Amino acid sequence: MNQSLRGPEELHQIAAAHGIVATLHAADRPMPTVEAAAEALGIPVAAMTKNIVWLAGDAPVLVIASGQARVDDRALARQLGVGRKKIGLATPERAYTISGFVVGCMPSFGHRAPLPTLIDVLVTQLDRVYGGTGDPTVLISLATSDLIRLTGGTVVSLTRET
C-alpha cells in the first residue's frame, strides 16, 4: 500500500471533464504535511486542504478541512447524527481500501467510489484551495466553488483553529 490508484494527471483530467480548470503544482521534494506543502509552494497553510477519511460506524465520510484547522469530533458526530464514540479516523489501510489513495496525499475527489463529503466552512473563505493528488510531490489547486461542485460536498462547521 505505498502507491495510490490514480495520479495527478488523472485527477486533472477528472476536473477538466467537469469543466473545471485545475492546476498541478510539482515540488522538488515530498510534501507529507500541509505545513511542508505550503512552504514548498510559498502559500499560506490555510490555503491547503486536509482530506481525511472518517468512519461513522462502518460508513466512510470524507472531511475536507482547511490546513490550519483541526476537526472537532463532537461537531462531526452531531453532523452525522451519531454518538461521538461511533466516529473515528479510518486507519491508513482502511482509508486506502476505501479511497484508493494513501494517507498523506489524499485528494478531495477521484476516489474509488464517490464518498459522502463534508467541507468545513473555513474552506469556503478562500477563493482557491490546494490539495493532494496521490503523489506526495504534486498538489492540485482549483477554485473553492469548483471543489464544492466537483465533490458534491456539504458545507458545515466542523473544525476549530489550532
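Which residue stands opposite Leu24 in E8? The residue is Ile140. The structure is a predicted model, in which local features need pLDDT of at least 70 and side-chain atom pairs count only at pLDDT 80 or more, while totals for chains, interfaces and linings use all residues. Residues are numbered from 1 along each chain as its sequence is written, and side-chain values use heavy atoms, with hydrogens and water left out.

Helices (H or I, at least four residues) and strands (E, at least two) are DSSP runs numbered from the N terminus. An open sheet is formed by 3 strands in the order E1-E8-E7, with antiparallel pairing; two strands pair if DSSP finds at least two bridges between them. Strand E1 (23-26) and strand E7 (128-132) are the edge strands, each pairing on one side only. From one strand to the next, the twist averages 30 degrees. E1 and strand E8 (residues 138-143) run antiparallel and are joined by 4 bridges. H5 lies across E7 and E8, at about 100 degrees to E8. For such angles, axes are lines fitted to C-alpha atoms, for helices over the stretch in contact (heavy atoms within 4.5 Å), and the angles run from 0 to 180 degrees between N-to-C directions.

The structure holds 5 salt bridges, a salt bridge being a side-chain nitrogen of Lys or Arg within 4 Å of a carboxyl oxygen of Asp or Glu. One of them joins Asp146 and Arg149, at 3.4 Å from N to O. These two residues are 3 residues apart in helix H5 (residues 144-151), so about one helical turn separates them. Asp146 is buried at 17% relative accessibility, where buried means under 20% relative accessible area, exposed over 50%, and partly exposed in between (1.4 Å probe, protein chains only).

A further salt bridge links the side chains of Arg160 and Asp72 (3.7 Å, N to O). Arg160 belongs to strand E10 (residues 159-161) and Asp72 to the loop between strand E4 (69-71) and helix H3 (73-80), so the pair ties together parts that are 88 residues apart in sequence. Arg160 is partly exposed at 39%, whereas Asp72 is buried at 19%.

Asp28 and Arg29 also form a salt bridge, with their closest N and O atoms 3.2 Å apart. Asp28 is exposed at 71% relative accessibility, and Arg29 is partly exposed at 34%. A network of salt bridges links Asp28, Arg29 and Glu39.

Glu35 is located in helix H2 (residues 34-41) and is partly exposed, its relative accessible area being 47%. A distance of 8.5 Å separates the C-alpha atoms of Glu35 and Met48, which are 13 residues apart along the chain.
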